[in-house]
Amino acid sequence: MCSRRHGGGRVRSTTPAEDRYIVLSAKRNRRTTAQQVANQFLAASGKQISRKTVARRLRGGGLYTRRPVVCVPLTRQHRTAHLQWCRDHRNWTEQDWACVLFSDERKGPISNMQYYAVGRHHDQWPHAPTCGCEWDFTVQRYIDEVLLPHVRLFRGAVGDKFVFMDDYATCHRTLAVQDCLDSEGIQRLV
């Protein structure tokens with residue numbers, strides 16, 4: 001017969017009640033850093049804890065850190081190309097934009113074509129149609145589950161004026177996707 005002896009490890013610096021306080025204070029303001037939570041905890045309890053302790057308690061409470069996304073700075077060529085694109089499309093009417101299908105990557109199940117005013121592209125075109133797909137698409141899944149059933153169907157309904165706007169995701173830029181679009185006669189919006 002054997003039994004586990006209590007280890008001689010380091011004693012936790014916070015109690016379960018203090019752990020709940022740390023998680024609650026982080027949930028109240030999602031933008032606070034672990035160091036700021038540690039400072040708030042020091043002011044509230046008078047007990048000094050490290051930033052790493054706060055991070056461990058937050059992970060235990062189901063909260064994980066997120067690294068801010070650093071955008072790639074636009075070069076002079078990017079700005080020139082964006083300006084030219086805007087000049088080329090400034091006179092498009094609502095009917096012209098109605099022929100454009102936007103891809104809308106978001107987490108969740110694949111949806112049929114929907115008209116809704118959510119997402120990056122819909123600030124300018126609130127009634128633009130979108131086709132949704134998941135973030136972890138492989139090229140073949142993208143072709144089989146988005147391009148062929150949804151984009152091809154929408155292209156058939158719109159006709160020759162149809163234009164497809166994807167967001168330059170890696171699965172959109174493969175030769176297999178380009179071959180599929182070419183074989184279906186689907187034009188991309190640059």
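This is a predicted model: local features need pLDDT of at least 70, side-chain atom pairs count only at pLDDT 80 or more; totals for chains, interfaces and linings use all residues.

Reader: What does the side chain of Glu18 have 2.9 Å from one of its polar atoms?
Author: The backbone nitrogen of Thr15. Residues are numbered from 1 along each chain as its sequence is written, and side-chain values use heavy atoms, with hydrogens and water left out.

Reader: Is Glu18 buried or exposed?
Author: Buried, at a relative accessible area of 17%. The cut-offs are under 20% for buried, over 50% for exposed and partly exposed in between, with a 1.4 Å probe and protein chains only.

Reader: Which helix is Glu18 in, and what is Glu18 in contact with beyond four places in sequence?
Author: Helix α1, residues 16–28. Helices are DSSP runs (H or I, at least four residues), strands likewise (E, at least two), numbered from the N terminus. Setting aside neighbours within four places, Glu18 is in contact (heavy atoms within 4.5 Å) with Ser13, Phe41 and Lys47.

Reader: Switching to α3. What do its buried residues pack against?
Author: α1 and α2, the latter being 34–45. The buried residues of α3 (51–60) are Thr53, Val54, Ala55, Arg57 and Leu58. Just after α3, Gly62 has a positive phi of about 90 degrees.

Reader: How many helices and strands does the protein have?
Author: Seven helices and five strands. In sequence order the pattern is α-α-α-α-α-β-β-β-α-β-α-β. Buried residues are 32% of the 190.

Reader: Which residues touch the most other members of the largest nonpolar core?
Author: Tyr142, Leu147, Val151, Phe162 and Phe164, out of 14 residues in that core. A nonpolar core is a set of buried Ala, Val, Leu, Ile, Met, Phe, Trp, Tyr and Cys residues joined through side-chain atoms within 4.5 Å.

Reader: Which helix gives the largest share of this core?
Author: α6, with six residues. α6 (139–158) and α7 (175–184) each supply at least two.

Reader: And Phe162, what is in contact with it?
Author: Beyond four places in sequence, Cys99, Leu101, Val151, Phe154, Arg155, Ile186 and Gln187. There is also a second, separate core of eleven residues, including Ile22, Ala26, Ala34 and Ile49.

Terms used
A polar contact is a pair of N or O atoms within 3.5 Å; within protein, one must be able to donate a hydrogen and the other to accept it, and residues adjacent in sequence count only if both atoms are side-chain atoms.
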